[in-house]
Amino acid sequence: MFDVSFEDAIPPAFLYPFLTLIVAYHVFASLSSTVKQRSWILTTISSGAMSLSSLPLFLHYVISRGDLSGIRSSLWTEGTARFFQAYLVADLLMGTIYYRSKVNLLTGWIHHSVYIFIVEYTCRMGWSHLFVLCAVMEVPTFLLAIASLDARFRSDLVFALSFFATRIVLHILLCVSMLVSRHNVTNNSFGPGVLMACIFPLHAFWFYGSLKGFVKRAEAPKPQPVKQGSVTAPPSLSGFSSLRARSWTLPRRRGSLRQAVRAWDRLEIRKAAGRFGDVQRRLRASFPAAREQVYAYVGIDRSPGGELQRTGDMKTQSSL
């Protein structure tokens with residue numbers, strides 16, 4: 001019913017690179033120590049291969065001063081475009097299995113899915129040479145990829161300059177060239193120029209995010225060196241620590257005071273003291289005669305107002 005061969009459904013130019021990338025990932029994954037490094041293996045291979053493949057077309061574009069009429073599609077350009085398509089599928093497949101946390105929505109699923117259809121569209125329209133020419137924009141991706149594999153190769157300045165030169169300046173120039181030369185290059189089609197114009201905001205957004213990241217890291221306070229034999233903290237850190245200590249000490253003191261008051265109330269010491277005084281008054285009232293005899297024996301008389309006074313004999317004895 002459907003007369004479609006396997007080669008028509010899955011072109012060999014896609015299948016063989018796809019299988020090769022799968023094998024290459026498993027070989028190099030054993031040499032990687034972190035998930036982040038493993039997530040950049042396929043990107044490093046793809047960006048490096050695409051950058052090298054685009055150099056002949058890019059040199060022709062520069063030498064001809066932006067003339068695209070001398071560039072034509074070939075089996076080599078179509079095979080290179082299919083290789084990139086195979087990378088996109090392999091990266092999503094390996095990411096789903098091995099590094100799912102590193103495949104986000106925008107730069108992962110949406111970006112790869114859109115470019116899979118862009119490659120298919122350009123190959124079917126006979127514009128694979130234009131896609132390979134634009135692959136020179138993979139140079140900053142390659143720089144970012146090798147820096148992710150080994151931090152010694154990282155240079156924010158080199159990455160920013162390469163990104164600006166290829167994905168901002170060159171992107172605009174290629175977009176203009178495709179629109180101006182559409183009569184001789186794309187059979188008067190606006191398709192490649194429109195695709196370039198639609199992709200440009202994404203590149204501009206990435207470049208803006210990169211600049212914000214560079215500025216944030218540049219303004220971040222650097223840790224102060226610690227002198228040998230002493231441990232000192234930066235003023236901001238010590239101030240924060242003391243503030244935090246005070247903020248924790250005050251609630252603890254208030255809590256301790258509240259617990260002491262509650263314990264005092266539970267013991268009912270004030271009520272017990274009141275009951276003891278009441279018992280004392282009752283005992284004095286129940287033994288009035290004995291109390292007066294004791295006062296008389298020690299030489300104390302009670303005045304009419306109820307106050308206690310010493311007698312004259314007591315004074316004489318004390319003066320002697």
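Good morning. I begin with helix H9, which covers residues 156-180. This helix has 25 residues and reaches 35 Å from its first C-alpha to its last, close to the 36 Å expected at 1.5 Å a residue. Please keep in mind that the model before you is predicted. H9 also has a bend of about 35 degrees, located at Leu170.

Where in H4 does the kink lie? The kink, of about 40 degrees, is found at Leu55, shortly before the proline Pro56. After H4 comes Arg65, which has a positive phi, near 55 degrees.

Finally, I consider a pair of helices. Two packed helices are described by the angle between their axes and by the distance between those axes. For helix H6 (residues 105-125) and helix H11 (residues 191-219), the angle is about 165 degrees and the axes are 13 Å apart. Because angles over 145 degrees count as roughly antiparallel, H6 is roughly antiparallel to H11. The two helices cross in a left-handed manner.

Which residues make this contact? From H6 come Leu106, Thr107, His111, Tyr115, Ile118 and Tyr121. H11 contributes Gly191, Leu195, Ile199, Leu202, His203, Phe205 and Trp206. Thank you for your attention.

Definitions and conventions. Residues numbered from 1 in each chain as written. Predicted model: local features only at pLDDT ≥ 70, side-chain atom pairs only at ≥ 80, totals over all residues. Heavy atoms only, no water. Axes fitted to C-alpha atoms, helices over the stretch in contact; angles between N-to-C directions. Helix = DSSP H or I, 4+ residues; strand = E, 2+ residues; numbered from the N terminus. Parallel < 35°, antiparallel > 145°, perpendicular 65-115°, else oblique. Left-handed = near helix turned anticlockwise from the far one by under 90°. Contact = heavy atoms within 4.5 Å. Expected span 1.5 Å × (residues − 1). Bend = angle between axes of the 7 residues up to and from the residue.
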